[in-house]
Amino acid sequence: MAEFFHMGGYALYVWTSFGIAAVVLLLNIVLPLQQHREVLRRAADFHELEGRTKQ
Amino acid sequence: MNSNASHVNSVAMKNPGFFTRWFHRMASPVWFYQISGKLLPWLWVLFAVLLVTGLYGGLVTAPADYQQGDSFRIIYVHVPAAWMSMFVYMVMAVSGAIALIWRMKLAEMVMVSCAPIGAGFTFIALVTGSLWGKPMWGAWWVWDARLTAELILLFLYLGVIGLYSAIEDKRMASRAVAILALVGIVNIPIIHYSVEWWNTLHQGATVTKFDKPSIHIDMLIPLLLMAGAFKVFFAISLLLRTRNELLERELPRQWVKQLVEEKDG
């Protein structure tokens, strides 16, 4: 197991590469999901407000 | 004569061909929103399977390289990211062309949604390349053709993002971005062939050439699995972003109202 993490002496380069890739990919999911919640909330506000002004 | 022609026309309008119907349905926002919502869970499952098998194969079962030792394992993020950086650009440019020619709103949204994802892949390719170059070439960065062209690709993506957010009217912004994306397409063959056209430190193609791939099968299979995982990831992220863009633009519409009411109820 220790040998696996050691990566034949290239641990720093290999694991940093995989780590950075993971972070960038994760951001590409988390940010759109946050944006999704935000736009749905704004849509709800908009239509609620519109409903009230019509009455 | 005239009435005959108009009769023919009206028949054609009532019975559009399969392709025309498909094309118009593709452009329908509600239809796209529903179908993409149904597709996403399946894409997540596929992504998970490809990622887990690809990572296991690449990090555990693939043998170490006879020259580069275990450092070659960076290939499993570097190469899929580099391939995707070009693939996403092609999707973006083709969507831009469709948006320009047919004024299809959905194509505009797909185009602008591609840019941040493509920028992410390009960033991964550049940084992991740097982390691979340091132990193998002895330098974090060299100004050679392949690396420079890939850096220009990153600037093209950032240019698309910046231009789109700088213009208030989103339809006009889309047209400007589409032209930029189409002009920037010249960079793609330059990236791909740079290792052949110029003397470069970057190694030549091992997989994407007409010859047999010069890579051992135990190393190749995980690479293809990871490439598949990255491609499915792109589909997921693209759908998420395009759905947001769609909601944003269609916010006052009736179907969005129904959508938020269903969520609340």
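## The interface between chain A and chain B

Between chain A and chain B the count is one salt bridge, a term that stands for a side-chain nitrogen of Lys or Arg within 4 Å of a carboxyl oxygen of Asp or Glu. B:Glu248 forms a salt bridge with A:Arg42, and the closest N and O atoms of this pair are 3.0 Å apart. Helix 2 of chain A (residues 11-54) supplies the largest share of the side of chain A that touches chain B, namely 23 residues. That side of chain A divides into 19 nonpolar residues, seven polar and one charged, where Ala, Val, Leu, Ile, Met, Phe, Trp, Tyr, Cys and Pro count as nonpolar, Asp, Glu, Lys and Arg as charged, and the others, Gly among them, as polar.

In contact terms (heavy atoms within 4.5 Å), 27 residues of chain A meet 42 residues of chain B. The size of an interface is often given as the accessible area lost when the parts come together. Here the buried area, which is the accessible area (1.4 Å probe) that two parts lose on being put together, summed over both, is about 3100 Å² between chain A and chain B, with carbon and sulfur atoms giving 76% of that area.

## Basis of the model

This is a predicted model, in which local features need pLDDT of at least 70 and side-chain atom pairs count only at pLDDT 80 or more, while totals for chains, interfaces and linings use all residues. Residues are numbered from 1 along each chain as its sequence is written, chains are lettered from A and ligands numbered from 1 in the order in which they are written, and side-chain values use heavy atoms, with hydrogens and water left out.

## The fold of chain B

Chain B has ten helices and zero strands, helices (H or I, at least four residues) and strands (E, at least two) being DSSP runs numbered from the N terminus. Of the 265 residues of chain B, 46% count as buried, meaning under 20% relative accessible area, with exposed over 50% and partly exposed in between (1.4 Å probe, protein chains only). Among contacts in chain B between residues at least 6 apart in sequence, 75% join residues at least 24 apart.

Helix 4 of chain B (residues 75-102) has 28 residues and, at 1.5 Å a residue, should span 40 Å, which agrees with its end C-alpha atoms being 40 Å apart; the expected span is 1.5 Å times one less than the number of residues. After helix 4 of chain B comes B:Arg103, whose phi is positive, near 55 degrees.

## A buried glutamate

B:Glu250 lies in the loop between helix 9 (217-249) and helix 10 (254-264) of chain B, and B:Glu250 is buried, with a relative accessible area of 6%. Apart from its neighbours within four places in sequence, B:Glu250 is in contact with B:Pro29, B:Trp255 and B:Val256.
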